[in-house]
Amino acid sequence: MFKAFKTIRWKLTLTFLLAFGIMFIIFGIILYNIQAYQQKSSMDNAMNVLAESIYNEIRADSLKPSVLEETQETFIPFTTVSKHFAEITDSSGFVLLKSRELGSSSLPFTKEQLDISLKENHPFHKLKAGNNDTLWDDYGLRVLYYPVTYHYKKYIIIVAVPLSGLKTSLNNLKLLYSGTIPLMLLLSSIAGWFFSKKAYGPVKQLTINANLISAENLNKRLPVNDTGDELAQLSVTLNNMIERLEKSFSTLKQFTSDASHELRTPLTILRGQIEVALEKQRNPEDYQKILEDSLDEVKRLQSIVDELLLLSRIESGKINTKQDKINIYELMTDVVLKLNFLSKKKNINIILKFRSENESNFHPIVSGDYAMLFHAFFNIIENAIKYSPQNSEINCIVNSTDDYKSALIHIRDNGIGISPEDSEKIFERFYRTDTSRTREESISLGLGLPIAKQIIEFHKGKISVNSSPGKGSEFVIRLPIS
Ligand code: ADP
């Protein structure tokens with residue numbers, strides 16, 4: 001129940017209701033006041049016209065008793081006021097004439113009011129009703145004192161209208177508004193409810209469709225309507241997100257299965273070796289041999305775990321890196337020196353060159369973590385040695401782009417090369433070509449290039465490979481110069 005009130009649809013309807021409610025009430029108050037003002041002024045106007053007509057009649061016909069009656073009969077514009085009374089007094093307040101409707105009653109004015117009215121110009125007053133009067137009720141009378149001069153004498157024409165008519169008409173108006181406002185509110189909230197249902201229907205559908213997508217069916221996509229509106233954009237955004245999730249999910253799945261597979265092999269070998277060792281009593285040389293073999297497997301296990309850890313730390317960015325100023329040429333020299341023992345074994349000559357001999361002042365400086373970049377170049381050059389034949393040559397050329405914004409490093413070998421299909425995959429974790437799997441000379445994990453790639457990309461660089469089987473390979477690394 002309360003959950004339903006939290007929906008946008010409910011909130012929208014309630015907001016509609018509140019906004020319309022406030023609007024209707026303000027509108028009603030303004031309208032009521034305008035109407036009240038108009039009715040009052042039309043009443044005052046009519047009273048003024050009546051008083052003026054009486055005065056005209058007096059001037060035309062003298063102050064005879066029929067003056068009031070005749071004026072009333074001929075008084076046509078007197079339409080807004082249904083009932084009225086009139087009296088004519090002299091300046092002392094003595095009533096000379098009064099309307100027939102008043103009968104034996106008199107208008108309840110006081111002498112003070114008359115005196116004041118003589119000084120003012122046609123003032124209006126409200127008179128409280130006398131207790132015993134049945135001609136007007138508790139609302140009292142609106143009275144106009146209209147002083148006139150006839151034959152050099154001051155007279156006051158008093159016109160009075162019971163306020164009950166005006167009050168009733170204004171009360172009716174109030175009643176009308178207070179009756180119609182709730183009705184209008186009801187109608188507007190029904191309209192708001194249906195409108196929001198229509199507007200939020202697609203959102204509901206989107207929620208249902210999105211709920212149907214889980215880890216098991218990440219290949220599914222949300223339907224995108226062709227309206228091009230915000231909801232269509234939202235569906236496209238969500239679809240893009242699902243696509244990214246699908247990719248990282250499958251990478252993760254692949255990684256988990258690859259990692260467990262890679263770890264299983266050395267573990268199985270290790271277990272086998274230990275089981276064989278325990279089968280019977282052996283002489284110390286046998287134990288020595290078994291332990292040496294086991295150590296190799298433990299080393300393999302350790303390097304897999306170390307490399308994987310490094311890879312995931314770089315990927316997640318949770319790695320403390322230094323911002324060294326690195327001279328790429330010096331870095332490459334260090335890597336080549338470190339790999340000397342390996343290259344010597346195969347009698348491979350590693351040649352390290354600047355882009356041109358006469359530009360000896362050119363030193364591409366890259367900012368980044370020396371140890372990490374060392375690791376990346378070590379992996380690449382180590383591969384070049386691993387996959388090159390005996391007595392061959394490896395060329396490392398340090399260059400820069402024409403605009404001097406990036407350092408370009410080419411590492412070229414004359415080894416077995418890589419097929420185009422493999423070239424696309426060698427940067428994926430645990431990917432090894434069939435040729436490398438069968439080689440026994442070194443541990444092949446399929447993690448060297450992925451790590452190199454991650455490190456280079458971490459330094460905002462790029463790595464690519466050009467190679468064809470049997471003709472050697474060339475790795476090109478681009479790093480921004482600082
Ligand atoms: P590893 O060398 O440990 O197998 P890498 O990730 O460093 O793993 O390399 C992945 C694969 O790419 C290697 O197994 C190898 O088949 C291929 N490769 C890498 N460098 C070269 C190269 N210079 N020449 C030929 N093949 C290469």
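Residues 24 or more positions apart account for 67% of the contacts in the protein chain with a separation of 6 or more. The model is a predicted one. Its chain has 482 residues, of which 40% are buried, and its secondary structure comes to 13 helices and 12 strands.

Helix packing is a place to begin. Two packed helices are described by the angle between their axes and the distance between the axes. Helix α10, residues 370-386, packs with helix α13, residues 448-458, at an angle of about 140 degrees, and the two axes are 9 Å apart. That angle makes α10 oblique to α13, since the class of roughly antiparallel takes angles over 145 degrees. The crossing of these two helices, α10 and α13, is left-handed. On the α10 side the contact is made by Met 372, Leu 373, His 375, Ala 376, Asn 379, Ile 380 and Asn 383, which meet Gly 448, Leu 449, Ile 451, Ala 452, Ile 455, Ile 456 and Phe 458 of α13. By class, the residues in this contact of α10 with α13 are 10 nonpolar, 4 polar and no charged.

Helix α10 also packs with helix α8, which spans residues 328-338. Here the angle is about 55 degrees and the axes are 9 Å apart. The helices α8 and α10 are therefore oblique to each other, and their crossing is right-handed. From α8 the contact draws on Glu 330, Leu 331, Met 332, Asp 334, Val 335, Val 336 and Lys 338, and from α10 on Tyr 370, Leu 373, Phe 374, Phe 377, Phe 378 and Ile 381. The contact of α8 with α10 divides into 10 nonpolar, no polar and 3 charged residues. Leu 373 of α10 is named in the contact with α13 and also in the contact with α8.

Helix α13 has a further partner in helix α7, residues 284-316. The angle between α7 and α13 is about 25 degrees, with the axes 10 Å apart. These two helices are therefore roughly parallel to each other, as angles under 35 degrees are counted in that class. α7 passes α13 in a left-handed crossing. Glu 307, Leu 310, Leu 311, Ile 314 and Glu 315 of α7 meet Pro 450, Ile 451, Gln 454, Ile 455 and Phe 458 of α13. In the contact of α7 with α13 there are 7 nonpolar residues, 1 polar and 2 charged. Ile 451, Ile 455 and Phe 458 of α13 take part in this contact with α7, and they also meet α10.

Several strand residues can be followed next. Thr 89 lies in strand β1, residues 85-90. With a relative accessibility of 0%, Thr 89 counts as buried. Leaving out residues up to four places away in sequence, Thr 89 touches Phe 94, Val 95, Leu 96, Phe 109, Leu 114, Tyr 155, Ile 156 and Ile 158.

Ser 367 is in strand β8, residues 365-368, and is partly exposed, with a relative accessible area of 25%. Beyond four places in sequence, Ser 367 touches Gln 323, Asp 324, Lys 325, His 459 and Ser 482. Its side chain is joined to that of Gln 323 by a polar contact of 3.5 Å. Asp 324 is 43 residues from Ser 367 along the chain, and the C-alpha atoms of the two are separated by 5.4 Å.

Ser 406 belongs to strand β10. This residue, Ser 406, is buried, with a relative accessible area of 13%. Its contacts, not counting residues up to four places away in sequence, are Asn 399, Ser 400, Thr 401, Arg 478, Leu 479, Pro 480 and Ile 481. The C-alpha atoms of Ser 406 and Ser 482, 76 residues apart along the chain, are separated by 8.5 Å. Ser 482 is also among the residues that Ser 367 touches.

Two loop residues remain, each with a backbone feature. Tyr 404 lies in the loop between β9 (393-400) and β10 (406-412). Its phi is near 60 degrees, a positive value in a residue other than glycine. At 41% relative accessibility, Tyr 404 counts as partly exposed. Asn 347 is in the loop between α9 (340-345) and β7 (349-354). Asn 347 has a positive phi of about 55 degrees although it is not a glycine.

Technical notes: Residues numbered from 1 in each chain as written. Predicted model: local features only at pLDDT ≥ 70, side-chain atom pairs only at ≥ 80, totals over all residues. Heavy atoms only, no water. Axes fitted to C-alpha atoms, helices over the stretch in contact; angles between N-to-C directions. Helix = DSSP H or I, 4+ residues; strand = E, 2+ residues; numbered from the N terminus. Parallel < 35°, antiparallel > 145°, perpendicular 65-115°, else oblique. Left-handed = near helix turned anticlockwise from the far one by under 90°. Contact = heavy atoms within 4.5 Å. Nonpolar A, V, L, I, M, F, W, Y, C, P; charged D, E, K, R; others polar. Buried < 20%, exposed > 50% of the residue type's maximum accessible area, 1.4 Å probe, protein only. Polar contact = N/O pair within 3.5 Å; in protein donor to acceptor, adjacent residues only side chain to side chain.
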